[in-house]
Amino acid sequence: MTPAAYDYVLPADVAGAIAALVAADGEGKVVAGGQSLGPMLNLRLARPRVVVDVSRLPELRAIEDRGTHWRVGSATTHAEIEDGALAVAGRPCHLAAVARRIAYRAIRNRGTIGGSLAHADPAADWVLALTTMGASVTVEGPAGRRRVACADLMVTTFTTVLAPEELIVSVDVPKAGEAVRWGYAKVCRKVGEFPSASAAIRSDPDGCRIYLGALGGPPQPLAREGETLDTLDRSIPALAERVGEAAPDLDGPDRQIFTHCLARAIDQACHA
Amino acid sequence: MLPYRGVARTNICFAMELTLDAIARKVGREPWEVRLQNLVPAEAMPFTNPTGRVYDSGDYGKSLRMAVEHLDVPAIRARQAALAAGGKRIGVGFANYIEMTGHGTAAFVASGYAFIPGYEQATVRFTPDGGLEIRAGVHSHGQGMETSLAQVAHEVLHVPLSRIAVVLGDTALTPYSTGTYASRSITMAGGAVARACAKLKDRMTRIAAHLLQASPGEVTLVGGRFHGPVGDLALREVAQTWYRQPHRLPNDVDPGGVEVTEGFKAKADTGQFAYGSHGALVEVDLDIGEVRILDYVVVEDCGRIVNPLIVEGQAYGGTAQGIGTALFEEMTFDPNGQPLASTLADYMLPGASEMPQITLMHIETPSPLTEFGIKGAGESGAIPPPAAILNAVNDALREFGVVMNELPLTPRRLLTRIAQAREAVGDPPAPDAAPAAGRAREVA
């Protein structure tokens, strides 16, 4: 359980990180908290020639309040979000509740929001939660910056639209107004374990976004055009049918678990 | 099940204890009553079982009654009636176990083993500075044997624990041994240490008596000092006399000196039988197949307890492991035979969050077969949890006629069986209306 040899680069700024990735010529990997890449290096599932550590880049550590949304530096840790870094009027925003249940505190102390999105584990909390919230990421590469919606970021398991020399700089998370109702549920075999099912819903008077996570690919959308929490048929058989449409590969027991997970997320939103 | 601590014991306990619950269901009685009726009564001890093993001591019924009383079965039955609708059920289950500890020559001969353990030996010796060394071939891999064996020596010789050094496991330095297994070390090596110390005490007493100008019968060892009719001497002074001033020794001194190797084998060596009862109260989530342990009780009797902290550590740790066996741990393979759980990231072990508050109670019935009445305690905790937990789950699922009998009890297995049972009686999963309020927060 030791990684193969690699070169470690600690750049001074984002430009330096991009330059290091360009120089690595496709064999570079970005590390921040290292909570996913670390084990993959140790198991030699990942064998980069160069590891670029962005965990201390000031721009990636910044959190800005931009009125309608937060701009969260991608190297912000789960623990910082859990502890209320995005507090609204002294109250932690609902990202804090998502962060609080990511793995264990030891992992949350180091793992980062951008790292989780770039790693693109289907069962990861941020992948599902930020997609459902309608968040987007700012990505920087040799050609400059671009914005990618979280819903478009993940292609499949451990694969995103990011080029090897691109880096997630920040995440824009829309603030939830009074009218927004939010629910997030996951089913885990044990505390801290990756979920075997997860579901999230964000609803406002204009419509809702509902996604299932932990499906072996990007989050799967469930909501229909113009549907709201109030018009949604929340009965278990109806939800089971919707789950079956969104994830046709699930067998009986898994479909049941996802259905009830979804029901619990919706229930949370109803009582938010 | 995987090769494991308490190997085979867990499986046998699982088969027997699930069978007892099946009998209870068939005859419509409380499972604990069926157990109580079939336990070897305390008056029958020592009891030779049909395979020739001697259950040396204990009160099996008392152990079960303590577990049953702690969980308060009538109260659970009332709660069950109140929960008859909705997505959750609770159930209570029990399992008794015996743990054949320190089984020796006769048991191994009967089982047809190629190698047969005999006397377990230990060497004890005083060093010139008055310290005591214990050398034994068994090995401690974290179970605190250094402390427990030192305590046994202290019991005989009253040497402070800080003055006792324990050397284990290396036969270049210790007597030969078949090693640590079968919860044998505290009875076997502990017995050998006790006997070696007793012999050493006798030799030291004779030297001390000579130095105190008394007869050995007039000298007593109290608090690490030999007391004679006139004056007293420290153990250390006796040891120094042997090593440094042999001219002061009695003429008939035992030339073996202050170093003794002795062996121990129990009077009847088919084992000393530790035993106990586990009880579990569980909640089964019918929607997602989750099993939560709401309450858990352990009653155990390992004879005279040498070190309560260590025995309780074994009981808690074993129970944690047994909960893992019941609900989490599984070695899975893909269709090509590739192991799917080759690291601890994939092999699911229970963590602190999965542990219930375990209530641990002791009964202390000495074994008539060993030094100080000690029995082994190493594997007990891991034996009954799968049986107790699955009996509790089956109790919770009684209305569906579901009997789970496969380990680990995963949500997938549970939901599959419940769905099959419901289908068999033409009762599809209840189409509840909107999900009930307040449940979401309870998702793990």
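1. Is Glu166(A) buried or exposed? In this predicted model, Glu166(A) counts as buried, because its relative accessibility is 13% and the cut-off for buried is under 20%. Its salt-bridge partner is Arg146(A), at 2.8 Å from N to O. Arg146(A) counts as partly exposed, at 34% relative accessibility.

2. One salt bridge crosses between chains. Arg412(B) meets Asp251(A) at 2.7 Å, N to O. Arg412(B) lies in helix H11 of chain B and Asp251(A) in the loop between H10 and H11 of chain A, so the pair joins two chains. Arg412(B) is partly exposed at 35%; Asp251(A) is partly exposed at 33%.

3. Within chain B, Asp232(B) and Arg225(B) pair at 2.7 Å, N to O. Asp232(B) is partly exposed at 33%, and Arg225(B) at 32%. In chain A, shared partners join Glu82(A), Asp83(A), Arg105(A) and Arg108(A) into one network of salt bridges. Over all chains there are 46 salt bridges.

4. Next, the second largest pocket. Its volume is about 1,100 Å³. Of its 39 lining residues, Ile12(B), Met16(B), Tyr55(B), Ile98(B) and Phe273(B) are closest to the centre. H1(B) gives the most to the lining, with six residues. The lining has 23 nonpolar, 10 polar and six charged residues.

5. Val109(B), Tyr113(B), Phe115(B) and Ile116(B) form a nonpolar patch, with about 380 Å² of accessible area together. Tyr113(B) lies in the loop between H5 and E4. Tyr113(B) is partly exposed, at 45% relative accessible area.

Methods. Residues numbered from 1 in each chain as written. Chains lettered and ligands numbered in written order. Predicted model: local features only at pLDDT ≥ 70, side-chain atom pairs only at ≥ 80, totals over all residues. Heavy atoms only, no water. 1 Å grid on protein atoms, 1.4 Å probe; cavity = no way out; pocket = protein on both sides within 12 Å on 5 of 7 lines; lining within 4 Å. Points joined across faces, edges and corners; volume = space filled by probe spheres on them. Helix = DSSP H or I, 4+ residues; strand = E, 2+ residues; numbered from the N terminus. Nonpolar A, V, L, I, M, F, W, Y, C, P; charged D, E, K, R; others polar. Patch = residues over 30% accessible without salt bridge, like charges linked within 9 Å, V, L, I, M, F, W, Y side chains within 5 Å. Areas by Shrake-Rupley, 256 points an atom, 1.4 Å probe, with all protein chains shown as cover. Salt bridge = Lys/Arg side-chain N within 4 Å of Asp/Glu carboxyl O. Buried < 20%, exposed > 50% of the residue type's maximum accessible area, 1.4 Å probe, protein only.
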